[in-house]
Amino acid sequence: MRYKTFWLLLVAVSLFLGCGDPPAESEEADADAPVVELGTEDDETIDETSATTPSDSTMIELTPENTQIGFVGTHIVEEGPDPDARSGQFEAFQGTATMTEGMLSKIAVEIETSSLQTENEKLTGHLKSPDFFDVREHPNASFTSTSIEPAADGEVNITGDLTLLGNTKTISFPATVSTDGGFELNAEFTIDRTEFGMDYGVDKVEKTVTMTIGITSS
Amino acid sequence: MPFSSTDIVFGFVLPALIVAAVLLAAQKWRLSRAIDLSPLALAVGFHLAYWMVGLGPLRPESHWHWIPYVITVAAVISCAKAIGTWNRGARAALILISSAAFAFFLVPTWQDLEPTRSVLIVGWSLTVAGVTLSAESLAQTLFTSKRSHQVLLVALLISSLAGAVVLLLADNLRFSQMAMALAAAIVGLLIANSIQSIPPQAESTLFPAVTAISGLLLIGRVNSFSDVPWISYVLVVIAPLGLWVLNLPYIRNLKGNLRVAVGLSISCIVLGMAVAFAVFATYASQ
């Protein structure tokens with residue numbers, strides 16, 4: 001009987017030790033987990049995408065060297081445009097653009113929100129604070145396309161999931177794409193920041209933020 | 001101007017007036033005879049500004065979302081302390097344990113937090129408990145008149161305002177507005193205190209007020225990317241203890257407004273230093 005009790009206790013202790021994770025490790029695991037929500041059934045990372053790309057596809061790596069991701073925010077003024085419009089850009093991100101049969105078929109990018117920079121140091125700090133991007137709580141933002149439809153000549157309509165402040169919304173925007181002598185993409189569109197939970201100061205700063213994307217890859 | 005007219009009206013003026021009205025109404029209907037409602041009035045004033053201006057979400061998801069709920073619990077605990085008879089040790093234990101519990105929610109769980117989460121939880125809860133108990137002891141030994149209670153409320157008010165300035169300089173406008181919300185609630189208490197024939201006990205507002213000021217400065221500091229130093233935040237929290245100068249023999253014998261002025265001047269000097277350090281750090285590098 002004593003031996004039975006001993007083994008039962010041993011099993012119970014083993015289960016207890018095996019099931020519990022220290023909070024730091026769990027958080028570390030969560031911090032390492034990709035924030036990108038692909039909006040698809042698959043849980044692929046950007047790197048894994050290349051392994052499943054059809055053989056007639058080309059993947060272009062998006063880096064700060066060939067890509068600019070910027071934004072413009074404006075204050076609420078009686079008569080526009082706002083003379084104090086604030087612009088900034090993200091300086092650390094990674095992504096891929098996939099070309100299939102010479103057409104842009106997929107684009108995905110993950111951004112380190114703490115890399116945002118403006119021309120004013122105080123403004124940079126303010127944008128990083130919980131008033132706006134809250135970069136300590138939400139260190140990553142991402143975009144993954146779900147469909148890219150051809151539009152007018154040289155233009156496409158990109159639809160995808162944008163994740164900002166931990167909230168994912170589907171957005172669509174037009175982009176100009178050129179594959180002559182390389183790959184070039186330019187897009188300018190607006191988002192409503194409050195839809196992503198960035199709702200501070202709506203009586204002082206416009207809800208709509210203009211996003212600009214420029215890719216030049218030879 | 002970082003704050004709009006909406007912020008000022010709904011984030012300061014209206015909450016202050018409503019708090020005063022609530023306390024005066026409670027006294028008229030004799031609700032405040034059985035229990036001192038000042039701590040709850042303080043929490044109500046803060047919440048009014050917080051929700052009317054939209055300073056945070058209803059459901060807490062980040063560490064700083066817990067601040068209004070922490071202040072509310074601190075207010076309820078203050079009311080509970082005022083009802084029963086607690087010996088000094090039990091009161092100290094209650095405040096210390098409560099502060100530690102609040103710190104558990106307010107201190108973020110980031111891996112790269114500096115100082116570490118453990119250090120911040122211990123340091124913050126000891127600071128809140130120490131300042132609260134010290135100020136309560138001061139209130140019990142020195143403050144026996146209506147004027148004296150107003151002095152303590154004024155000390156808390158100027159600390160809140162200084163905290164708002166420090167947070168503004170640290171590029172945290174949202175938390176600065178929360179500090180203004182706290183200041184608005186204290187102004188409401190002062191208005192009611194000056195009108196009521198039975199003034200509220202200012203010491204009962206100490207725990208929620210110190211919790212609020214310290215909590216706002218904690219979340220402001222850890223979320224700031226500015227050069228405002230730690231000393232600015234700490235000085236704002238401990239500034240009300242400058243009133244201990246009233247215990248000095250020579251100053252105790254001073255009369256009326258002069259004694260009040262001396263008592264508050266030390267707190268003002270400490271707060272001035274806090275703001276000065278923040279201003280210097282902000283503009284010296286530019």
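Biologist: How large is the area buried between chain B and chain A, and what share of this area do carbon and sulfur atoms give?

Modeller: In this predicted model, the buried area, meaning the accessible area (1.4 Å probe) that two parts lose on being put together, summed over both, is about 2000 Å², and carbon and sulfur atoms give 44% of it. On the side of chain B, Asp171(B), Arg174(B) and Phe225(B) supply 33% of the area buried against chain A, more than any other three residues.

Biologist: How many residues does each chain bring to the contact?

Modeller: With contact taken as heavy atoms within 4.5 Å, 28 residues come from chain B and 19 residues from chain A.

Biologist: Why is the pair Arg174(B) and Asp131(A) called a salt bridge?

Modeller: A salt bridge needs a side-chain nitrogen of Lys or Arg within 4 Å of a carboxyl oxygen of Asp or Glu; the closest N and O atoms of Arg174(B) and Asp131(A) are 3.8 Å apart, and therefore the pair qualifies. Helix H1 (5-28) and H7 of chain B, helices being DSSP runs (H or I, at least four residues), are the elements that give two or more residues to the side touching chain A. H7(B) gives the most, with four residues.

Biologist: What classes of residue make up that side of chain B?

Modeller: There are twelve nonpolar, eleven polar and five charged residues, where Asp, Glu, Lys and Arg count as charged.

Modeller: Residues are numbered from 1 along each chain as its sequence is written, and chains are lettered from A in the order in which they are written. Local features need pLDDT of at least 70, side-chain atom pairs count only at pLDDT 80 or more, totals for chains, interfaces and linings use all residues, and side-chain values use heavy atoms, with hydrogens and water left out.
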